[in-house]
Amino acid sequence: MTNTPLHTWALATIAGDSGPVACLETDAGLFRLAPSLARVGGGEVSKVIDLFDDWDASRGLIEAALPQLSAADKVSGTPTRLSPLMYPGKVLCAGANYYRHMAEMGFPGITKDSQRLFFFFKPSRNAVVGEGETVHMPIGTEAFDWEIELAIVIGKAARNVSPEEALAHIAGYTVAVDFCARDLNKAPETFYKLDWVAGKAQESCCPLGPRFVPAEALENAQDARLRLSVNGEAKQDDSTADMIFSIAEQISTASKIMTLDPGDVLLTGTPAGVGAATQSFLSVGDRVEATIDGIGTLSTTIQPAKTRAG
């Protein structure tokens, strides 16, 4: 994991002896969240997602807790990081939302006016995982691909908001990789020709991490650098400035379809450099590292297909 400087604080979830442990992260390290917040009257918080019940109040508690962090609550060693949000309410993903990515997929020279922003879902529990050996090859795929994405976490409910209002509904950000089975996404024998569930909603194929950072940690989220490598070889290196539909426009559009609730996650599209463009895909054992400046690096190693529950 890249040691990216933190903006005062971040949130993380690690594997503990008795299950996931929510943590407050500063430059000094990881501190167990529950006792840190209890010290300032925050009560018992067992999961990061609990903070989104009232994000503004939770932010206030976090800020109050920072000067009073105790060495007794500090996590020792190098713990295994899980998804910082276990688990989001909804996971919405914007499709085909970068100009250069559209060009590499065979659609050069498109204009914004010629496009329609669309979304698809990933399961919030079975798909969302953390770092390490968490991502499994989908059963039956021969074209397993990568897509680094900036993930937005909603902090305030949004329904039918304008683009001008949208950014005020963001609690913060994390790194996501939209792993997808390109071959299973195709369904030429069907009327619609695509199968978004088989291609995009596969189990374990939405790692998030390594941390959640508050919205102000990215001074300009609309010009953030995204990089992804496979086995150390650079594949994607671009900026969110290449988005067709901005972050604000995505929130606005999604909020007209459904209410975006606190703790929901929105993946905002991927830049150029995906495997499908060169027909080079992932194999078991490949190591994928996804970095967004200001957040950090999410690392995972592809595991064999999971063929049994549990």
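Which residues are buried in α7? The legends below take up that question and a few others, using a predicted model.

**View 1. Helix α7 and its buried residues.** In α7, the buried residues are Ile247, Ala248, Gln250, Ile251, Ser252, Ala254 and Ser255. Look along the list and you will find Ile247, Ile251 and Ser255 among them. An α-helix has 3.6 residues a turn, so residues three or four places apart point the same way. The buried residues of α7 pack against several strands, namely β4, β5 (119-122), β8, β9 and β16 (265-267), and also against α4 (163-166).

**View 2. The largest nonpolar core.** This core is made up of 50 residues, and Tyr173, Phe179 and Ile251 have the most contacts inside it. At least two of its residues come from each of these elements: β4 (91-94), β8 (148-154), β9 (170-177), β14 (225-230), α7 (247-257) and β17 (287-292). Another core, of 30 residues, lies apart from this one; its members include Ile62, Val128, Ala176 and Phe212.

**View 3. Tyr173 and the residues it touches.** Here we zoom in on Tyr173, one of the residues with the most contacts inside the largest nonpolar core. Leaving aside residues up to four places away in sequence, Tyr173 touches Leu150, Ala151 and Ile152, along with Arg211, Phe212, Val213 and Ala215. Leu218, Ala221 and Ile295 are also touched by Tyr173.

View 4. Glu25 sits in strand β2. Is this residue buried or exposed? Glu25 counts as buried, because its relative accessibility is 6%, under the 20% cut-off. The side chain of Glu25 makes a polar contact with the side chain of Arg211, at 2.9 Å.

**View 5. The β2–β3 hairpin.** Strands β2 (residues 19-26) and β3 (residues 29-32) run antiparallel and are joined by four bridges. Thr26 stands opposite Gly29 in β3, and the hairpin links β2 to β3 through two residues.

**View 6. Cysteines without disulfides.** If you are wondering about cysteine pairs, the structure holds zero disulfides. Cys93 is buried, with a relative accessible area of 0%. For Cys180, the closest cysteine sulfur is in Cys205, at 8.4 Å, which is again too far for a bond. Cys180 is buried too, with a relative accessible area of 1%.

Note on methods. Residues are numbered from 1 along each chain as its sequence is written. This is a predicted model: local features need pLDDT of at least 70, side-chain atom pairs count only at pLDDT 80 or more; totals for chains, interfaces and linings use all residues. Side-chain values use heavy atoms; hydrogens and water are left out. A nonpolar core is a set of buried Ala, Val, Leu, Ile, Met, Phe, Trp, Tyr and Cys residues joined through side-chain atoms within 4.5 Å. Buried means under 20% relative accessible area, exposed over 50%, partly exposed in between (1.4 Å probe, protein chains only). Contact means heavy atoms within 4.5 Å. A disulfide is a pair of cysteine sulfur atoms within 2.5 Å. Two strands pair if DSSP finds at least two bridges between them. A polar contact is a pair of N or O atoms within 3.5 Å; within protein, one must be able to donate a hydrogen and the other to accept it, and residues adjacent in sequence count only if both atoms are side-chain atoms.
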